[in-house]
Amino acid sequence: MDAILLKELSFGYTKENLFQNFSLSIPEGDFLGIIGPNGSGKTTLLKLIAGLLKSTSGQVLVFGEDLFHRKPKERGRLIGYMPQESHFLWNFKVKEVVLMGRYPYHRRFEREKREDFEIADLAMRLTNIIDLKDRGINNISTGERQRAVLARVLCQNPKILLLDEVTSHLDIGQAIEILRILRHLNTTYKITCLFSSHDINLAAMVAKRILLLAKGQVIACDRPDKVILPELLEKVYSIRPLITTHPKLNIPWVILNLRE
Amino acid sequence: MGQLSKKTFLFCSFIGLLLLLFCARGTKKKLSLRVVSLVPSITEVIFALGKESLLVGNTIYCDYPEGAKKIYKVGDFINPSLEKIVALRPDIVFLTLPAQKIIQEKLNTLKIKTFVSQPKDFETMLDEIKEIGRQLGAEKRACSLSHFLQEAKEKIRFPPIKVYIEISPQPIISIGKKSFLSDILEKQGLKNIFSDIEEEYPIIRIEDIIKRDPEVVLILHPLSRKEEVKKRLGLEKVKAVQSGQIIDEINPDLLLRPGPRIIEGLKMLHSILSSKPGHEK
Amino acid sequence: MRNNPSLLLFPLIAIIFLSLSLGPGGVRGEIIFKIRLPRVLLGIFAGGVLSFVGGVLQGLLENPLCDPYILGIASGATFGVSLSLLFGHVSYFFIPPFAFAFSLLSLFFVYTLAQVSGRIQKLSLILSGVLISFLFSSLSILAMTFSKQPLAQIIYLIMGNLSVLFSPLTLMSFLIVFIISLILLYFLFSYAQELNILSTGEEAAISVGIDTERLVRMVFIISSLLTGFVVSFVGSISFVGLVVPHIARALYGYDHRKILPASFLLGSSLLLISDIFARTTAPVELPLSVVTALFGVPFFFYRLRRL
């Protein structure tokens with residue numbers, strides 16, 4: 001069964017629809033990197049799948065069932081969404097923020113149990129912030145904060161992870177670290193991952209498939225070597241970069257050039 | 001450690017509460033009538049009747065005569081302290097309506113006797129003085145006081161001059177038909193330019209003053225002086241300003257408090273008006 | 001740093017004793033029970049509920065400057081008070097239900113106005129709350145202009161005071177309201193974790209499985225009801241709902257499960273202290289809002305400097 005099936009989705013922020021009868025299928029265990037120019041709908045697509053936006057027509061099926069037919073807490077147990085950046089008005093402790101991810105497993109008035117604390121610790125270890133658990137969420141660096149939010153999402157124990165521009169506020173070291181964690185989650189725990197990125201090369205490094213999006217339409221959705229091609233990139237970005245192969249990994253590598 | 005001190009604290013609090021309740025029985029023998037006045041004019045009446053020894057509490061605005069200032073203060077006019085009043089164990093509390101409606105209801109709930117003063121004209125004021133006399137055991141004195149005031153008032157006849165009486169400059173407030181002062185002045189001959197307005201203290205516009213063209217302006221508040229009124233924009237053409245007939249020397253309390261001193265106020269007004277050139281006595 | 005807000009109960013009990021025994025009337029049974037005890041009950045009710053609701057709204061609307069009056073309910077109640085005094089001979093006991101009726105009306109207006117294509121959004125709630133506030137404040141002033149009652153009396157009633165006297169009937173109705181309020185507070189408290197998560201962002205809350213729309217709607221209605229209850233009985237007491245939750249956060253962190261009960265206890269205590277101050281320090285009884293502001297402003301200033 002497909003983890004996610006988008007059927008004839010239509011959605012727009014204005015009268016003109018961004019997505020019109022958009023369909024896409026994502027099998028379980030997939031690791032999909034979504035690339036495309038600004039305004040192509042990368043963030044919107046992820047939000048539609050997460051249930052943060054509602055389409056005007058069409059369906060989002062998650063493991064066979066309509067997303068909005070499920071109860072909110074059920075959705076919380078299935079899908080984890082990580083936004084591009086997170087601002088915290090109140091300076092909660094890192095561990096308090098991470099524990100919030102256990103919400104979908106609690107009833108009213110249920111306090112956190114030992115199991116919850118253990119899962120939170122595991123999530124913080126996986127994201128390498130366990131030493132920061134007692135610090136204020138606003139007293140740590142942006143990269144550490146992103147990892148804390150990732151830890152919170154992981155506490156939801158989701159089957160699907162949606163990450164929006166997750167590496168754009170991180171330096172290269174932090175970016176690689178996050179991508180390593182995601183790959184580990186995908187291969188070891190079979191979590192279906194969808195992420196959007198401006199950095200095509202980073203995306204190609206971890207993704208099993210790449211979705212090239214432009215103006216709300218699928219330009220290509222396939223293995224990286226079948227999508228990262230000069231003619232397709234030129235069509236979408238209006239530049240024609242050099243494409244070579246990564247010297248160490250067997251993936252396409254985009255080399256930018258100021259002069260054509 | 002925490003548990004023990006919590007328990008001790010609760011226990012002590014409980015004992016404390018019991019002690020409080022036991023001490024809370026007040027017993028005092030009552031010897032004479034205990035009176036609280038929440039109205040400055042009634043305080044003056046009580047002193048005029050010679051019964052100030054019965055007065056155990058009044059407001060901070062009760063400032064005449066000198067002795068009134070020394071009486072225990074229960075608060076201000078609108079919101080006197082209920083607790084202070086009750087603590088004095090009064091037999092009767094004098095108040096006025098509608099300003100003191102709230103305190104009246106509270107006293108009624110506590111079953112404390114109240115006397116409402118609401119003199120709409122001079123005659124009612126005299127009746128109230130007699131009633132107060134009855135309540136305080138000074139009937140004879142009250143009777144003679146009210147006779148004296150009645151006769152004194154009759155002797156004061158004003159010429160039919162048009163007067164503008166100002167209670168407040170901003171917003172402009174004058175006195176209307178329902179007001180105590182307007183009633184007296186009109187009955188003694190003076191013409192209040194706003195006596196056709198029902199309201200006790202109407203807010204009026206400067207155009208109305210100009211239209212009605214008073215011959216005399218009577219200032220009954222401490223906020224403006226004669227010179228300032230002369231300079232007010234729009235009033236230059238008014239007769240009173242042109243002839244300089246602006247009276248600001250009279251203490252407002254003399255005319256605005258419905259008490260014995262109203263006669264003093266009227267006499268002062270009369271002598272000022274008579275001493276101006278061009279008017280008959 | 002104490003970590004258990006329920007310890008705040010002890011200073012509150014001490015303050016209750018102080019409030020019952022201090023006063024110009026001395027220590028007398030009649031005064032304590034008939035005059036001071038209602039003040040204490042009202043003080044606990046008003047201070048506790050306003051602070052609790054203030055804490056809830058600051059988290060819900062992600063705005064540290066929120067207080068319970070931001071939803072426009074208080075101005076509705078104020079208008080009710082002004083309107084009831086328009087015609088002179090209304091009994092003073094009649095005012096609270098009248099005020100409450102108008103707070104319900106303003107609740108209805110704000111709720112309806114805040115709907116944006118069928119959904120309630122935080123921003124539209126704040127905006128409609130402010131709008132309705134302005135509307136009813138203006139209407140109140142209009143009513144005051146034509147009122148037969150002296151202005152000073154209306155203002156005194158509106159500005160907030162605890163010197164409500166009870167007849168057996170009104171005491172009964174107040175106790176019923178108090179109990180209902182406690183139940184509503186408990187109900188709100190059960191959503192403390194949702195409020196925690198919602199205060200970190202609406203998207204975060206939705207993605208973790210919270211039905212934010214239902215939550216916002218419900219919290220708004222209950223908060224408005226509670227605020228309406230308080231304002232109908234004691235008028236608009238300023239600052240308490242705004243400042244106390246911040247004090248609670250300074251002491252206990254940001255978890256609503258700790259801050260909300262702490263706010264209730266702190267708010268009750270602070271209001272009772274303010275009331276003691278208001279009625280014993282000057283020959284005239286000071287308006288309560290003035291005293292709470294006098295206490296609140298320096299604290300806020302101090303917090304601002306630490307930012």
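Two residues are in contact here if their C-beta atoms, placed from the backbone, lie within 7 Å. With that in hand, here are my notes on this predicted model.

1. **A buried helix in chain B.** Let me start with helix H8 of chain B, residues 180-187. Six of its eight residues are buried, so the helix is largely enclosed by the rest of the structure. Those buried positions are Phe180(B), Leu181(B), Ser182(B), Asp183(B), Ile184(B) and Leu185(B). What covers them? The cover includes helix H6 (122-136), strand S7 (191-192), helix H12 (252-256) and helix H13 (262-275) of chain B. If you check backbone angles, have a look just after H8(B), where Gly189(B) takes a positive phi of about 110°.

2. **Two domains in chain B.** Chain B is divided into domain 1, residues 35-152, and domain 2, residues 157-275. Taken over C-alpha atoms, the centres of these two domains of chain B are separated by 27 Å. Their contact involves 14 residues of domain 1 of chain B and 11 residues of domain 2 of chain B. On the domain 1 side, the elements that give two or more residues are helix H2 (40-48), H6 and helix H7 (139-155) of chain B. H2(B) has the largest share of that side, with five residues. By class, the domain 1 side that touches domain 2 of chain B has 10 nonpolar, one polar and three charged residues.

3. **Which chains touch?** There are two pairs of chains in contact, and chains B and C share the most contacts. Chain A and chain B, by comparison, have no contact joining them, and their closest C-alpha atoms lie 24 Å apart.

4. **The side of chain B facing chain C.** The contact between these chains takes 29 residues from chain B and 32 residues from chain C. Four elements of chain B each supply at least two residues of the side that touches chain C: helix H1 (2-23), strand S3 (73-75), helix H4 (82-87) and helix H5 (101-109). H1(B) provides the largest share of that side, six residues. Sorted by class, the side of chain B that touches chain C has 14 nonpolar, seven polar and eight charged residues.

5. **The side of chain A facing chain C.** Here 26 residues of chain A are in contact with 17 residues of chain C. Helix H2 (72-78), strand S6 (79-82) and helix H3 (94-99) of chain A each supply at least two residues of the side that touches chain C. With five residues, H2(A) gives the most to that side. The class make-up of the side of chain A that touches chain C is 14 nonpolar, seven polar and five charged residues.

6. **An open sheet in chain A.** Four strands of chain A form an open sheet in the order S2-S1-S4-S5, with antiparallel pairing. Strand S2 (19-27) and strand S5 (65-66) of chain A stand at the edges with a single partner strand each, so one side of each is left without a neighbour in the sheet. Strand S4 of chain A, residues 57-62, pairs with S5(A) in the antiparallel sense over two bridges. Within this pairing you can find Leu61(A) opposite Asp66(A) in S5(A). Helix H1 of chain A, residues 42-50, packs on the sheet and touches strand S1 (2-11) and S4 of chain A. The direction of this helix makes about 115° with that of S1(A).

7. **Glu231(A): buried or exposed?** Glu231(A) is exposed, with 8 other C-beta atoms within 10 Å; the cut-off for exposed is 12 or fewer. This residue lies in helix H9 of chain A, residues 230-237. The C-alpha atoms of Glu231(A) and Pro241(A) are separated by 9.4 Å, and the two residues are 10 apart along the chain.

8. **The overall build of chain C.** The secondary structure of chain C comes to 13 helices and two strands. Its radius of gyration is 19 Å, close to the 19 Å that the globule rule gives for 307 residues, so chain C is as compact as a globular protein of that length. Along the principal axes, the C-alpha atoms of chain C fill a box of roughly 60 × 50 × 40 Å. Buried residues make up 53% of the 307 residues in chain C. Of the contacts in chain C with a separation of 6 or more, 76% are between residues 24 or more positions apart.

Conventions: Residues are numbered from 1 along each chain as its sequence is written. Chains are lettered from A and ligands numbered from 1 in the order in which they are written. This is a predicted model: local features need pLDDT of at least 70, side-chain atom pairs count only at pLDDT 80 or more; totals for chains, interfaces and linings use all residues. Ala, Val, Leu, Ile, Met, Phe, Trp, Tyr, Cys and Pro count as nonpolar, Asp, Glu, Lys and Arg as charged, and the others, Gly among them, as polar. Two strands pair if DSSP finds at least two bridges between them. Axes are lines fitted to C-alpha atoms, for helices over the stretch in contact, and angles run from 0 to 180 degrees between N-to-C directions. The radius of gyration is taken over C-alpha atoms; the globule rule is 2.2 Å times the number of residues to the power 0.38. A residue is buried if 20 or more other C-beta atoms lie within 10 Å of its own, exposed if 12 or fewer, and partly exposed in between; C-beta atoms are placed from the backbone. Domain bounds come from an automatic or database domain assignment.
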